[in-house]
Amino acid sequence: MKNIRYLWILALAAVIGAPLPAAAEYPDRPITLIIPLGPGGSHDLHARGITGIISDILGQPMVVRLVPGAGGMKGTSEAAKAKADGYTLLFTHNAFDQLKPQTVDVNFNTLQDFKTVARINFAAPILVARADQPYKTFEEFVAYAKANPGKVNMGHSGVWGPAHIPASQLIKETGIKVNLIPHKGGGPALQALLAGEDQVTWIFATQTRPHYLDGKVRVLAVAGDTPLANDKDFKDVPTMAALGYSGVAFTMDRIFMAPAGMNDADLKKLRDAFEELMDHKSFQRFITSIGEEVMFMRGEEYDKLRPGRYESYTDLIKSVSGK
Amino acid sequence: MFESFLQGFELLLRWDIYFYISMGLVVGMFVGAMPGLTTVLAMAVLLPVSFNLEPMLGIPFLIGVYKGGIYGGSISAILVGIPGTGASIATTFDGPALTRQGKARKALEMALFSSTIADFLSDVATLFLIGLIAMIILKIGPPEIFSIIIFSLILIASVSSESGIRGAIAAFLGLGLGFIGTDAVTGASRMTFGIDALSGGIPLIPLIIGVFALPEILEAVESRARTFISESVDMSSAGERLRWYEFRRSIRTILRSTAIGTGIGMVPGVGQVVAAFVGYSAAKRASKTPENFGKGELDGIAGPEAANNAVNGPTLVPLLTLGIPGDNVTAILLGAFVAHGIRPGPQIFSEQGALIYALLLAIIIANVLFIFLGYVLLKPFAKAIQLKKAYLIPVILALSFVGTLSTGTTSDLAVMVVIGLCAYILRKLRFDLAPLVIAFVLAEPIEYTLSQSMLYARGDIFEYLFVQRPIASVFLTAGILWIAWMIFGPWIRGRLRQQRA
Amino acid sequence: MEQAPPTKPPLVMAGGDDAAPNRLLAQVDLAVAVLLACAGLLFAIFMPALIGAGGIETAQDFMTISPAFFPRLAMGLLALTCVPYVLQAIRNLARSSKRDIGAQLIELRRAGFMVVIAVGYAGTMSWLGFLLATMLVSAVASYFLGLRRPLAFVPGVILVPIVVRFVFERMLYIALPRSEIEFVAGIEDAAMRFLVDILL
């Protein structure tokens, strides 16, 4: 039949026309980057800047694929199940990598199925209160919350999200009783704070800045042990560690992961490429323009941190869910 | 402030802005018309394109894509009965009927005019009342959202009462489907039976394709081969254009729907789908010929189309005044802003006033551009659908699958096919599936906002509701009274008549 | 002005004012009614068992709705509203007549075939990859819908999947499934590279 002949001709032409590589060098076709989040978020934004430049470094385009759903587990699962040939990578954060898989049934083993390629940066959540509240510092807040159990509404961006985790850690460490209000994402949580429905919330510096400058909110503390030294507005915000609550240490690490079965030479190539990316001027400019910083850590080092973090989250989960 | 406004005008005096807006509109229309491809997807994909353009070009471009996309969804809803987006579902009630009567062109033009006029009015209102709208939005919290959703549902239900039992069953089925997945309040997974594909819940696009596209395809396949090859959507008999008197009849509907859509646009989490349904139901209620609705009534196109476009204006307000995106679309727009180093928020009007006013004005002008573009492009688009079914069906099938795959996995395909099969069977049994979709969409917001409200109320729900949140209590009381009237009304009226006699 | 092709009377559940309903459909109707009623009831009763892992206890003592509440309500209401439905279905079945449904069965068979195609498409997508799966399905569907001239197959069946894949993968950067069969995947990549070289 004619149409079959056409198909063969086309295929033949395609095969002849394309340069046949002797040994396929990684990468020889586009790489898919799965982001287990919805469009428009900070990961999406970072990815846009990263993929453009890293495509030049690697020689093949890196293509973003958004797979939101199941609290980040849908995309993560897809990446875990993908062929470990290095053409499917995952751009996620540590809550999805080390904590979430412990809370729901997933069909992958996060520590075994993924290796880190690189950590791009991290964002430390800050505890923010409305300016009209009677407490001006973190200590005052804790005192107030202890004196008025259940009265303070603390909003967060979603269960096991980057605001809920430090909130749970805080509750565990200080023993205060607050009214934890879930919201569908950081945006609604911020809106509830501004509307006066919530009195405090955990959020990130970039979203808070305009409202801080407007005088509507006060920043009480930053989670973890690293102060926001480079931030002109928030460099004096005390860290949780300095305040004596080193258990409130959650920071959102933005990490690139690859399936664990990937061959070592290719993985090294990828890791080197990301390190090279950090030195690119246009990348640095991009990151600064979106209001973030570059805080690179090589994949191998981050992989050493993961099991420890994983365990600390296991304890946290137990204390919060009572299981 | 006024200076910035005037400066904004100056920024608009460049032809390339309008070129990019037009490109966006065309691309958006094209994407929206494909089943399964959402405008959000198109915008997300084109976001990097906008990075290379300056904000004055890139952002109107993306907004053009968005506006074009909503209308594109209506095109396929009217011509082949498959809504391109959730917002066009209500257009499938009267659209295909009009096409079958040979009035496809009238329907398309009515949709175009209602959409653009409503969008225009809503955008103008946003421009001039942005401060007021911002204030109102801050007053709307979970209890208000809950009561507005309930009120809307009652309105929708009161109008579709002739679906009767089957409509209610479809609605509860939709509710049940909507709860599959992860409970957002506690994080527990529900009704997933350990199937991975369901762990995130059923995504909306596979549901819409399954409920609308697949049964359409299956029904189209039913008729015999012989007559089949020559069967096509015959655009030559698409009819005449919309006459002025026909349009004039619907002006009130358009204005009413604009008000509805603008109001719903201020309520976060409700969105275009609900606005379209409420617009349709309100139009039907207010109409002198409600029995024509569903059989090919132009008012039934104007109602939902105007409402779902009027939502666009206010949804920009939280983005611009607070820097908070209300939905995926505004999240992408925020990304476009941020990538250029502009962070919307309280200071934006003093720092970048001219740019923001220029953007708002550009958005308003985009509507005007769209009337002309859309009018001109109607015929080619519709002609593209005029292909033989033997060509059209496989392409629609392939595109539906591609649409699901673009934000899902191959397991979503299985979900889609299963839903499609069940929807086909239910349609044969005379089920109207629109209540299913709207219940599905609203299942989570209802539960979520109720839970949040209860948390805020700290256990004392009545005091909280009536003392602290008067707006919510107004809507709820109105809703309850309405239900009471619906149930007892006829009985009371009968009694009164007896007494008078 | 030509008339649009007349719509054939659809194969639907005739009830109420129409003539006696079709027996086969009435049986299906009853089956579906009973199925939904039972499903609603079972789900409503056993809902807590379906709530899986991952739930947290909210960190305060105020009453909130448990994750089981709303689904239970929805399923319970479903079961409730199915009761009049079941009754209606029984009545319809009693009234139904065994009309000549030969022609309508053929229609159903055709739809059934299409269902098989759709299921096959979904099932083979990851194995055969987007290009091959779409080509096969389009070919079968077009043939089934009456297309016979071989030349007519080329645009829809062969060119459209390639164009779609190209536009999506290389211009919009949305990945579509590659075949698991290496040979086929190799051809897909080669075809894409070819088009990229000449067009981009």
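Helices here are DSSP runs of H or I, at least four residues, and strands are runs of E, at least two, numbered from the N terminus. Now colour H3(B) by accessibility: 10 of its 14 residues are buried, so the helix is largely enclosed by the rest of the structure. Buried means under 20% relative accessible area, exposed over 50%, partly exposed in between (1.4 Å probe, protein chains only). Among the buried ones are Met43(B), Leu46(B) and Phe51(B).

A quick word on what you're looking at: this is a predicted model, where local features need pLDDT of at least 70, side-chain atom pairs count only at pLDDT 80 or more, and totals for chains, interfaces and linings use all residues. Residues are numbered from 1 along each chain as its sequence is written, chains are lettered from A and ligands numbered from 1 in the order written, and side-chain values use heavy atoms, leaving out hydrogens and water.

Next, select Asp253(A) and Arg309(A), a salt bridge with its closest N and O atoms 2.8 Å apart. (That's a side-chain nitrogen of Lys or Arg within 4 Å of a carboxyl oxygen of Asp or Glu.) Asp253(A) sits in strand S10 and Arg309(A) in helix H12 of chain A, 56 residues apart. Asp253(A) is buried at 1% relative accessibility, while Arg309(A) is partly exposed at 23%.

Last stop: Cys422(B). Its sulfur is 14 Å from the closest cysteine sulfur, in Cys82(C), too far for a bond; a disulfide needs the two sulfurs within 2.5 Å.
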